Amino acid sequence: MSYRDQNRRAWDRLAADNSQFTRVATDEECAQPLLTLDSRGWLPASVRGLDVLCLASGGGWQAILYASAGAHVTVVDLSPGMLRLDEREAEKRRLSIRTIEASMDDLHELSDESFDIVHQPVSTCYVPRIAEVYREIARVLRNDGLYISQHKQPTSLQISDRHQSNEYILGVEYYQSGPLPPTADTSYRESGASEYLHRWEQLVGELCRAGFVLEDLVEPCRADPKARPGHYRHRGRFTAPYVRLKARRICESRSIPGTTGVWTPDA
Ligand SMILES: C[S@@+](CC[C@H](N)C(=O)[O-])C[C@H]1O[C@@H](n2cnc3c(N)ncnc32)[C@H](O)[C@@H]1O
């Protein structure tokens, strides 16, 4: 079965089982949509009237918040089950959104330079080649467009098990290619999904090569000093599971602030 078929099936099942990823936006969150989406101030002060692509973000959260903030929202997701949650919530709140069932590494249904913002929650782990995703996002973003994304960190995906003395075992090779093997420790993995490890050189290097400039990088903290062994927040004390990137699409030559030089991406 292809990675797309396997992951569509896995995410349809997670949607039907009301997994944690199907927590929809609440009234309180919709009253302050930008603050809810973006505690770090990466978004502009207003997104009203902007074209926003919520990529691989079915589930009734990101798309509903952007639409509540006045953006023109398109949601792309592989799973019809996850997209139905967006449609249901949009209807409930009388919001207008466009939903498209597609894979993030083939966005041919979307026109070149048609978005101001692409927002992608953790999901690049479900495709083998992250460069294809970045290439598509670079194509559909307008010049100066913003790309906000979150990814699974490679070290976290390398963890396979926990030793008797509660040390974590890196049982998956860093240069692993192909789908990740099943592991005894299943924290930060989704059951039934086919997942791929992307190395730092791919997560960040491919992003730069696709024509983005990285503006910020944070590691959301999942560590709890009181968490018991076996809990995902115990594991989070030893390695950060996620990285969040703020990147800007630069299509044309531009001056780099603070320098006198002019940088041309293709030079
Ligand atoms: C972690 S969930 C993100 C959604 C959720 N709203 C959130 O805030 O975390 C990952 C999403 O990626 C989607 N997905 C998996 N593989 C995909 C692919 N190849 N193309 C597009 N979406 C994909 C899944 O269907 C799922 O909705």
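1. The crossing of α6 and α8 is right-handed, the near helix being turned clockwise from the far one by less than a right angle. In this predicted model, local features need pLDDT of at least 70, side-chain atom pairs count only at pLDDT 80 or more, and totals for chains, interfaces and linings use all residues. Residues are numbered from 1 along each chain as its sequence is written, and side-chain values use heavy atoms, with hydrogens and water left out.

2. Helix α6 covers residues 130-140 and helix α8 residues 200-209, and their axes (lines fitted to C-alpha atoms over the stretch in contact) lie 9 Å apart at an angle of about 30 degrees. Helices here are DSSP runs (H or I, at least four residues), numbered from the N terminus.

3. From α6, Ile130, Ala131 and Tyr134 meet Gln202, Leu203, Glu206 and Leu207 of α8, where contact means heavy atoms within 4.5 Å. The residues of this contact divide into five nonpolar, one polar and one charged.

4. The ligand is surrounded by 18 residues (a heavy atom within 4 Å), the closest being Gly58, Gln62, Asp77, Ser103 and Met104. A polar side-chain atom of Gln62 lies 2.9 Å from a ligand oxygen atom, while a side-chain N or O atom of Ser103 is 2.9 Å from a ligand nitrogen atom.

How values were computed
A polar contact is a pair of N or O atoms within 3.5 Å; within protein, one must be able to donate a hydrogen and the other to accept it, and residues adjacent in sequence count only if both atoms are side-chain atoms. Axes are lines fitted to C-alpha atoms, for helices over the stretch in contact, and angles run from 0 to 180 degrees between N-to-C directions. Helices (H or I, at least four residues) and strands (E, at least two) are DSSP runs, numbered from the N terminus. Ala, Val, Leu, Ile, Met, Phe, Trp, Tyr, Cys and Pro count as nonpolar, Asp, Glu, Lys and Arg as charged, and the others, Gly among them, as polar.
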